[in-house]
Amino acid sequence: MSDSVGGTTPSPLKKKGKKTWVIAAIVVVVVVVMIAAVVLGGLTKGSTEKYGLEKIKEQGKIVMWTEASFPPFESFDPTNSSIYGFDIDLANKIAENVSKELNMTITLQVEDRVFANIPTALNNNQIDMSLSGMTITDERNKSVLFSEPYYKAEAGYGLLTQSTASGMSNIDEILANGKKIVVNTGTTSESWVTENLVDTGKVSSDKVKSLPKISDCVQDVKSGYSDVFIIDNPTVNDVVSKSNGELKNSGLIPLPDEPYGVAMNHKSTDLKALVDRVIDEMMANGEMAALRAKWGL
């Protein structure tokens with residue numbers, strides 16, 4: 001009827017189509033704006049993100065991660081919820097020198113974390129440094145910036161077993177007797193077991209277990225789930241000395257020295273220069289030797 005009086009009333013279908021088009025256009029504009037905000041925000045963050053001493057100055061502290069079950073380098077004291085050891089003393093010395101360098105008080109915030117997660121946290125600039133008995137290797141050099149070595153583990157890997165264990169005085173006996181091995185995830189001892197025992201077919205992979213924390217590995221041996229824990233010899237000796245006769249060091253896998261370094265983000269070059277200077281001074285004036293003696297190293 002409307003057509004007959006000179007005007008065509010728009011059909012309901014045409015109105016709906018136009019409205020839908022407008023809504024779609026608005027949605028597209030909103031999405032584009034959101035994407036632009038994310039991209040520009042990321043670019044801004046990347047251009048303004050701080051590293052090394054500048055970052056530490058801004059936050060007023062050094063954030064450090066360590067795996068606090070690697071005695072005598074780092075251990076957790078449940079009586080006062082503190083972390084102590086050789087690495088913690090050295091980290092405090094570094095913090096003192098950072099305070100002097102920045103002419104302000106810088107505190108040290110030490111957090112107990114899974115060892116395997118530390119390189120990623122450094123790479124993401126989430127933390128400032130790590131002292132965790134970390135061996136300097138070519139592979140790790142790709143993801144973190146190391147200081148010069150502050151310690152060299154001279155004695156290879158120890159074999160932590162129950163004190164009543166037998167037939168595990170060396171790696172050949174362990175293999176011949178079909179013993180179960182446990183290693184700490186992300187460590188050089190795990191890499192050694194994988195490359196020299198599993199990959200070569202000397203031991204089946206189902207005979208090797210990897211656990212995230214050293215304390216878990218120790219407990220695994222105590223509970224009898226694994227027969228031997230392979231880790232740096234000084235750590236084995238320290239664990240044995242505190243086990244009330246429950247554990248022993250059954251033998252040694254002799255290896256070349258393993259240099260430990262302070263790990264940092266690759267862009268923290270000013271912090272590395274300061275850490276290297278602190279290590280050099282402590283080596284020269286005898287402080288490093290005294291620190292080693294304090295912790296039985």
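Predicted model: local features only at pLDDT ≥ 70, side-chain atom pairs only at ≥ 80, totals over all residues.
Biologist: How many helices and strands does the chain have?

Modeller: Eleven helices and 15 strands. Both are DSSP runs, numbered from the N terminus: helices are H or I with at least four residues, strands are E with at least two.

Biologist: And how much of the chain is buried?

Modeller: Of its 297 residues, 41% count as buried. Buried means under 20% relative accessible area, exposed over 50%, and partly exposed in between, using a 1.4 Å probe and protein chains only.

Biologist: Which residues touch the most other members of the largest nonpolar core?

Modeller: Ile94, Val98, Met129, Tyr150 and Phe229, out of 45 residues. Helix α3 (residues 86-102) gives the most to this core, with eight residues. A nonpolar core is a set of buried Ala, Val, Leu, Ile, Met, Phe, Trp, Tyr and Cys residues joined through side-chain atoms within 4.5 Å. Another core, of 15 residues, lies apart from it; Tyr157, Val183, Trp192 and Val193 are among them.

Biologist: What does Tyr150 touch?

Modeller: Leaving out residues up to four places away in sequence, its partners include Phe86, Leu90, Leu131, Tyr260, Ile279 and Met283.

Biologist: Switching to rings. How many aromatic pairs are there?

Modeller: Ten. Rings of Phe, Tyr and Trp (its six-membered ring) pair if their centres lie within 6.5 Å; planes under 30 degrees apart are stacked, over 60 edge-to-face, the rest tilted. Phe73 and Tyr260 are edge-to-face, 5.1 Å centre to centre with 65° between the planes.

Biologist: Why does the pair tie together parts of the chain?

Modeller: Phe73 lies in the loop between β2 (69-70) and β3 (74-77) and Tyr260 in strand β14 (residues 258-260), so the pair joins parts 187 residues apart in sequence. Both Phe73 and Tyr260 are buried. Tyr157 and Trp192 are edge-to-face too, at 6.2 Å and 70°. Tyr157 sits in strand β9 (residues 157-162) and Trp192 in helix α7 (residues 188-198), 35 residues apart.

Biologist: Which residues do ring pairs link into a cluster?

Modeller: Phe70, Phe73, Phe86, Tyr150, Tyr151 and Tyr260.

Biologist: Now backbone. Where is there a cis peptide bond?

Modeller: Between Pro71 and Pro72, with omega about 0°. Pro72 is in the loop between β2 and β3. Most peptide bonds are trans.

Biologist: What is phi of Asn103?

Modeller: Near 55°, a positive value in a residue other than glycine. Asn103 lies in the loop between α3 and β5 (107-112). Its relative accessibility is 71%, so Asn103 counts as exposed.

Biologist: And Asn244, what is its phi?

Modeller: Near 55°, again positive in a residue other than glycine. Asn244 is in the loop between α9 (233-241) and β13 (247-253). With a relative accessible area of 81%, Asn244 is exposed.

Conventions:
Residues numbered from 1 in each chain as written. Heavy atoms only, no water. Contact = heavy atoms within 4.5 Å.
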